[in-house]
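Please open the model in a viewer and keep the selection tool at hand.

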Amino acid sequence: AGEVLVREGATGRTSFVVARGEVRVSVAPDDREVARLGRGDLFGEMSWLTGEPRSATVTAVCDTVVFELDDTTLRELASGSS
């Protein structure tokens with residue numbers, strides 16, 4: 001709980017899937033909450049797809065488990081390779 005998983009403005013080449021728990025998605029300048037995500041939800045994919053910096057900060061609301069998928073894994077999944 002309270003751990004920042006993704007920071008707005010950072011470079012990102014990974015995406016995340018929430019396996020358990022809940023995360024809060026917020027944007028600067030006032031840390032305005034724009035979404036809450038839970039089990040099965042994906043975040044971080046826009047940076048991977050566009051190469052742009054992270055567009056929001058994502059923080060664990062409670063004890064949370066996420067799976068981080070690196071760009072190699074994401075490419076394999078996107079192309080259907082195994």
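Which residues does Thr59 touch, not counting residues up to four places away in sequence? The model to be searched for the reply is a predicted one. Select Thr59 and display its surroundings: Gly2, Glu3, Val4, Glu22, Val23 and Arg24 are the residues in contact with Thr59, once residues up to four places away in sequence are set aside. Thr59 itself belongs to strand β6, which covers residues 57-60. Its relative accessibility is 17%, and Thr59 therefore counts as buried, the limit being under 20%.

Next, select Val58. Leaving out residues up to four places away in sequence, Val58 touches Glu3, Val4, Leu5, Val6, Val23, Arg24, Val25 and Phe43.

Select its ten residues together: Val6, Phe16, Val18, Val23, Val25, Val27, Leu37, Phe43, Ala56 and Val58. Two or more of these residues are given by each of the strands β2 (14-20) and β3 (22-27). The largest share, three residues, is that of β3.

Finally, select Phe16 and Phe43 within this core. The structure holds one aromatic pair, and these two residues form it in a stacked arrangement, with 4.9 Å centre to centre and 10° between the planes. Because Phe16 lies in strand β2 and Phe43 in strand β5 (residues 42-43), the pair ties together parts that are 27 residues apart in sequence. Are the two partners buried or exposed? Phe16 counts as buried at 6% relative accessibility, and Phe43 counts as buried at 5%.

How values were computed. Residues are numbered from 1 along each chain as its sequence is written. This is a predicted model: local features need pLDDT of at least 70, side-chain atom pairs count only at pLDDT 80 or more; totals for chains, interfaces and linings use all residues. Side-chain values use heavy atoms; hydrogens and water are left out. Helices (H or I, at least four residues) and strands (E, at least two) are DSSP runs, numbered from the N terminus. Buried means under 20% relative accessible area, exposed over 50%, partly exposed in between (1.4 Å probe, protein chains only). Contact means heavy atoms within 4.5 Å. A nonpolar core is a set of buried Ala, Val, Leu, Ile, Met, Phe, Trp, Tyr and Cys residues joined through side-chain atoms within 4.5 Å. Rings of Phe, Tyr and Trp (its six-membered ring) pair if their centres lie within 6.5 Å; planes under 30 degrees apart count as stacked, over 60 as edge-to-face and the rest as tilted.
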